[in-house]
Protein chains: 2
Amino acid sequence: MTQDDASIPLDHYRNAQQIAFAPLTFQAARVALERGVLAAVEKSRKRGITIAEVAEAAGLERYAVRVLLEGCLSLDLVSYEPTERSEHGAEGRYRLTLSGKLMLHDPLVGINMRFVHDVCYRGAFDLERAIDEKRPAGLEVFGSWPTIYAGLSELPVQVKKSWFDFDHVYSDGVFPVVAKQVLGARPKNLLDVGGNTGKWAVLCTGLDPDLRITILDHPGQLAVATRNAHEAGCADRIGAHPIDLLDHTQPFPLGYDAVWMSQCLDCFSEADIVEILRRGRAALAPGGVLYVLESFWDRQASEIGRNAVTALSLYFTCMANGTSRMYHSDDLRQCVEAAGLVLGSETELGSHTLFSCTAA
Amino acid sequence: MTQDDASIPLDHYRNAQQIAFAPLTFQAARVALERGVLAAVEKSRKRGITIAEVAEAAGLERYAVRVLLEGCLSLDLVSYEPTERSEHGAEGRYRLTLSGKLMLHDPLVGINMRFVHDVCYRGAFDLERAIDEKRPAGLEVFGSWPTIYAGLSELPVQVKKSWFDFDHVYSDGVFPVVAKQVLGARPKNLLDVGGNTGKWAVLCTGLDPDLRITILDHPGQLAVATRNAHEAGCADRIGAHPIDLLDHTQPFPLGYDAVWMSQCLDCFSEADIVEILRRGRAALAPGGVLYVLESFWDRQASEIGRNAVTALSLYFTCMANGTSRMYHSDDLRQCVEAAGLVLGSETELGSHTLFSCTAA
């Protein structure tokens, strides 16, 4: 079976070839985005723009603009129309496609691309080794921590920014909506497992002046969360409890009306998830509720959402921990049961699903 | 303009997102190919196969198979059909798509992918720096040569293999056809500029028992070419002339009926191409012909060929020399004129074009 096999439609061959060259063309698209090449093409609108004109607008050599735009052409980010041969040789005009407009303006696409380049690109080279060694072998690019969470606060500035931009963009939209539901049950206190920079804790203490929150996380993350709580003026109601969530001999603090795990369990293998859920169950006060907020790949509205979620699993394999992934909702339902919890309700919140669980 | 903008068709959003995650999914596809995951899926044919069954067939952990296949799903290399929930959680069946079949069996796709992974992947991270510094900054991954040609014979074994597999696959098909045309003019001697491993020289001396060939190349490449000529029993008619093609003060040896430049000029900037063509013109005996064999991106039969050719330009930028690219036929026609040559004929040979030129 080859490209000459007439029984294979050309778009399949095009897809296979596009995958084969993807790292090179990804970089062309990224540099064209970051260095104003796509923006210059957009500005020309329907008239289109030549290589020489883009070079002037973007302040780049013609050679650079040429290889970048030809790479973008192969990705359908721009279109090309040959014009009459001029004294400068081939002088066709480039125009931005709808895919190109999305790459320029859709905030999610840009954040995903910067996350993949800054955080994942180099380490993804070692995906195969990560699988064989059952650890995030690609993380060696940045340091010798066992997981990325242990080193998060020490990552290079740009890498850290791209990591947090990515982390936050997926929760920023859903947090206000889900906070209403969680706080509607009037919990007196909430245990925020893997609370990261304290975004959720600051939001909730702002919405409910009586609520007290304890954040569990690595010491490095807690320092950031505590600083953020101070800046938001709610540090008196946000406590910090350092913990290694992978050390299942360390109990969680006890007696919480709500235990909150948002975008947290996807950082662990299923065996560890069961243990963390068990410790979360033990932390519940009588009548308390354990909440799990996750993006499940089977619950996305379209293939596009599903593809973004499953691609993220590869980040977990090569960079984050080597053992976790973005889950199917069935996988997590099984973990909930295995941890002695009962799944009371499932709420769909766009790309996220909220599980509300009680002790069995 | 965002994904919520209903005026943008979803396939554009899907394309932009697929580009954003491309390095991660490229690695998933690559590892799935190299480690027997795609082969196991193909074996299941229409019945389809579960994660657990692939894990057993490929000798990998279920976790690894899962993240790899979900990545392949986002690239349409496999399809997924959920089945009844079993005791093992989500147990859908995967099947190979036509794109997946091409990835498994099309030799060009596999060779391209290995070339991109082994030779280009890590250095492509530095594409932006290569553009700014006007040199192949990504080559630092392998050594401190000014161009990849200077270090070719010293590259790691696997990298070198992928480089030559790639180089040869694009010439193997066309060489026998074009040799007939070139030798039809009965040249007594031929100057093989950038003769690399001597494939062309060995082929031609085998076809014409009277022909003498001189190969021009870096000393490292000449050592390989000479060894190959010895093995083929034609070393007495193949001479080796070490040269730095970028040093335009070094003349070529003179008096050749044919001067041959195959997949050579794309390794140089247009300014250097003009100088090399001038030196080639000077090397012609009266009535001699200078041949240029290239893959022009405007002369490919389909977008697929064009995309492969333009993606290759990015390799030249970040890995090979920082200044060259795969050319438009108009670009090279201009260089031919500027070098004082007359383009006599153009012959289309599938993905290649042969220029036959004489001194003006």
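Is helix H1(A) mostly covered or mostly open, and how many of its residues are buried? In this predicted model, H1(A) is mostly covered, with 8 of its 11 residues buried. The buried positions are His12(A), Tyr13(A), Asn15(A), Ala16(A), Gln17(A), Gln18(A), Ile19(A) and Ala20(A). Their packing partners come from both chains: within chain A they pack against H2, and from chain B they meet helix H2 (22-34), helix H6 (98-105), helix H7 (107-124) and helix H15 (303-320).

Chain A contains 16 helices and 9 strands. Its C-alpha atoms fill a box of roughly 80 × 50 × 40 Å along the principal axes. Of the 360 residues in chain A, 51% are buried. Counting contacts in chain A between residues at least 6 apart in sequence, 65% join residues at least 24 apart. The domain assignment divides the chain into domain 1 (10-103) and domain 2 (148-359). Between the C-alpha centres of these two domains of chain A the distance is 41 Å.

The next subject is the interface. Here 77 residues of chain A are in contact with 77 residues of chain B. On the chain A side, the elements giving two or more residues are helix H1 (10-20), helix H2 (22-34), helix H5 (62-74), helix H6 (98-105), helix H7 (107-124), helix H8 (127-133), helix H15 (303-320) and helix H16 (329-338). By residue class, this side of chain A divides into 42 nonpolar, 22 polar and 13 charged.

How are the two copies related? Two copies of a chain are related by a rotation about an axis and a shift along it. The same surface serves both copies, since 100% of the contact residues of chain A recur in chain B.

Two packed helices are described by the angle between their axes and the distance between the axes. The axes of H2(A) and H5(A) come within 8 Å and cross at roughly 115 degrees, and the crossing is left-handed. From H2(A), the residues in the contact are Leu24(A), Thr25(A), Ala28(A), Ala29(A), Val31(A) and Ala32(A). They meet Val67(A), Leu68(A), Leu69(A), Gly71(A), Cys72(A) and Ser74(A) of H5(A). This contact is made up of 9 nonpolar and 3 polar residues, with no charged ones.

In chain B, helix H5 (residues 62-74) holds Leu73(B). Leu73(B) is buried because 22 other C-beta atoms lie within 10 Å, where 20 or more are required. Leaving aside residues up to four places away in sequence, Leu73(B) touches Val78(B) and Tyr80(B) in its own chain and Thr310(A) across in chain A. The C-alpha atoms of Leu73(B) and Gly100(B), 27 residues apart along the chain, are separated by 9.8 Å.

Two loop residues call for a look at the backbone. Most residues other than glycine have a negative phi. Asp76(A), not a glycine, has a positive phi of about 65 degrees; its place is in the loop between H5 and strand E1 (78-81) of chain A. Asn196(A) likewise is not a glycine and has a positive phi of about 60 degrees, in the loop between strand E3 (189-193) and helix H12 (199-207) of chain A. Asp76(A) counts as partly exposed because it has 19 C-beta neighbours inside 10 Å, whereas Asn196(A), with 25, counts as buried.

Helix H12 of chain A also contains Leu207(A). With 13 C-beta neighbours inside 10 Å, Leu207(A) counts as partly exposed. Beyond residues up to four places away in sequence, Leu207(A) touches Ala179(A) and Leu183(A). Val182(A) lies 25 residues from Leu207(A) along the chain, and their C-alpha atoms are separated by 11 Å.

Methods. Residues are numbered from 1 along each chain as its sequence is written. Chains are lettered from A and ligands numbered from 1 in the order in which they are written. This is a predicted model: local features need pLDDT of at least 70, side-chain atom pairs count only at pLDDT 80 or more; totals for chains, interfaces and linings use all residues. Two residues are in contact if their C-beta atoms, placed from the backbone, lie within 7 Å. Helices (H or I, at least four residues) and strands (E, at least two) are DSSP runs, numbered from the N terminus. Ala, Val, Leu, Ile, Met, Phe, Trp, Tyr, Cys and Pro count as nonpolar, Asp, Glu, Lys and Arg as charged, and the others, Gly among them, as polar. Domain bounds come from an automatic or database domain assignment. A residue is buried if 20 or more other C-beta atoms lie within 10 Å of its own, exposed if 12 or fewer, and partly exposed in between; C-beta atoms are placed from the backbone. Axes are lines fitted to C-alpha atoms, for helices over the stretch in contact, and angles run from 0 to 180 degrees between N-to-C directions. A crossing is left-handed if the near helix is turned anticlockwise from the far one by less than a right angle, and right-handed if clockwise.
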